[in-house]
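I'll jot things down as I look them up.

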Amino acid sequence: MSEHTLKAAAVTLCVLAAAASFIQDARSRTSLEAGAQTNEGPMIALTFDDGPYPEVTAAILDALEQYGVKATFFVLGSRVKGQEDMLKRMEELGCEIGNHTWSHADLTGLSAAQCISEIEKTNEEFKRVLGHGAAVVRPPFGHYNSTVRNLVPYPLILWTVDTGDWQKQNPRQLARSVVEQAKEGCVILMHDQQTSTAEAITDIIPLLVREGFRFVTISELIEAHDGQSAAVKLPP
Ligand code: NI
């Protein structure tokens, strides 16, 4: 064979290999996306706090949209202005928007009036953008006490898995730790603040979809478990 013929054969082989891998990718993606639609399998609630941050939140929403799954975003009221479209997109994708207070205040250190204001001012901001307030509240730092629990007329949402994503900057390690700790009814705490979290989520979602997890919002989890969850503190 001439050198020319050899080169042509090599090129043909490469093209065939690329085509085969493309078809394989398309197949596995289709089955992943189909898997995400099922109503069976263990439930998992991914939650993202402290945003929105334009690039990170948008990248997370892109990943959720790609696999047809949803999550809950605990948004700060003070961050809504200028990001109205981001909140609307969250809802369009079936995600839930939760209340994470106006200023990320430790509610246990506030007067009753201040505590209520942190929650209600944020809900007013959500109403301005979405036409309704949030049904759930995540107290900043997970801090609450019986006074706060009695004051806030919404379920307080904690978590069952703290990913520590604001410290862990290695997306692969973060993804592995989330997937290892995932189990039925779990509430995963993350933040839509660091790009490493957005990178990790592009691994986390397909891995959990492949394991048969069903992605639910916090309100869906509460309903399915009748409020019985270590991460949910219902109002009195
Ligand atoms: Ni927070």
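Below are my notes, entry by entry, on a model that is predicted.

**Entry 1: the nickel ion**

I started with the metal. Which protein donors does the nickel ion have? I found D50 (OD), H100 (NE2) and H104 (NE2), lying 2.1 Å from the nickel ion. Along the chain, these donors follow the spacing D-x49-H-x3-H. I then checked where two of them come from: D50 is in the loop between β1 (43-49) and α2 (54-67), while H100 is in the loop between β3 (96-99) and α4 (112-130). That pair is 50 residues apart and links distant parts of the chain. Buried or exposed, I wondered, for D50 and H100? Both D50 and H100 are buried.

**Entry 2: the two loops of the site**

I stayed with the loop between β1 and α2, because P52 is there too. A cis peptide bond joins G51 and P52, and I noted omega at about 0°.

Next I went over to the loop between β3 and α4, where T101 lies. T101 is not a glycine, yet it has a positive phi of about 75°. I looked up its accessibility as well: T101 is at 0% relative accessibility, and since the cut-off for buried is under 20%, T101 counts as buried.

**Entry 3: aromatic rings**

How many aromatic pairs does a search of the whole structure find? It finds 1. The rings are those of F48 and F73, with their centres 5.2 Å apart. Their planes are at 25°, so I wrote the pair down as stacked. F48 sits in strand β1 and F73 in strand β2 (residues 72-75), 25 residues apart, so this is a link between distant parts of the chain. F48 is buried, with a relative accessible area of 0%. F73 is buried too, with a relative accessible area of 0%.

**Entry 4: charges over rings**

I also looked for charges sitting over rings. R79 lies over the face of Y53, at 3.7 Å from the ring centre. K121 lies over the face of W102, at 4.2 Å from the ring centre.

**Entry 5: helix α4**

How many residues does α4 have? I noted 19, with a reach of 27 Å from the first C-alpha to the last. That is close to the 27 Å expected at 1.5 Å a residue. Then I listed the buried residues of α4: C115, E118, I119, T122, N123, E125, F126, V129 and L130. I kept a general point beside that list: an α-helix has 3.6 residues a turn, so residues three or four places apart point the same way. What covers the buried residues of α4 includes β2, α3 (84-92), β3 and α5. Just after α4, I came to G131, which takes a positive phi of about 90°.

**Entry 6: V148 in α5**

I followed α5 next and picked V148, which is in this helix (residues 146-151). V148 is buried, with a relative accessible area of 3%. Which residues does V148 contact, leaving aside its neighbours within four places in sequence? They are L107, T108 and L156. I also checked V148 against L110: the two are 38 residues apart along the chain, and their C-alpha atoms are separated by 9.2 Å.

**Entry 7: D226**

My last stop was D226, in the loop between α8 (218-224) and β8 (232-233). Phi of D226 is near 55°, a positive value in a residue other than glycine. Buried or exposed? D226 is exposed, with a relative accessible area of 65%.

Definitions and conventions
Residues are numbered from 1 along each chain as its sequence is written. This is a predicted model: local features need pLDDT of at least 70, side-chain atom pairs count only at pLDDT 80 or more; totals for chains, interfaces and linings use all residues. Side-chain values use heavy atoms; hydrogens and water are left out. Helices (H or I, at least four residues) and strands (E, at least two) are DSSP runs, numbered from the N terminus. Buried means under 20% relative accessible area, exposed over 50%, partly exposed in between (1.4 Å probe, protein chains only). Contact means heavy atoms within 4.5 Å. Donors are N, O and S atoms within 2.8 Å of the metal (3.2 Å for Na, K and Ca); water is not among the atoms, so sites may look incomplete. Rings of Phe, Tyr and Trp (its six-membered ring) pair if their centres lie within 6.5 Å; planes under 30 degrees apart count as stacked, over 60 as edge-to-face and the rest as tilted. A charge sits over a ring if NZ of Lys or CZ of Arg is within 6 Å of the ring centre and within 35 degrees of the ring normal. The expected span of a helix is 1.5 Å times one less than its number of residues.
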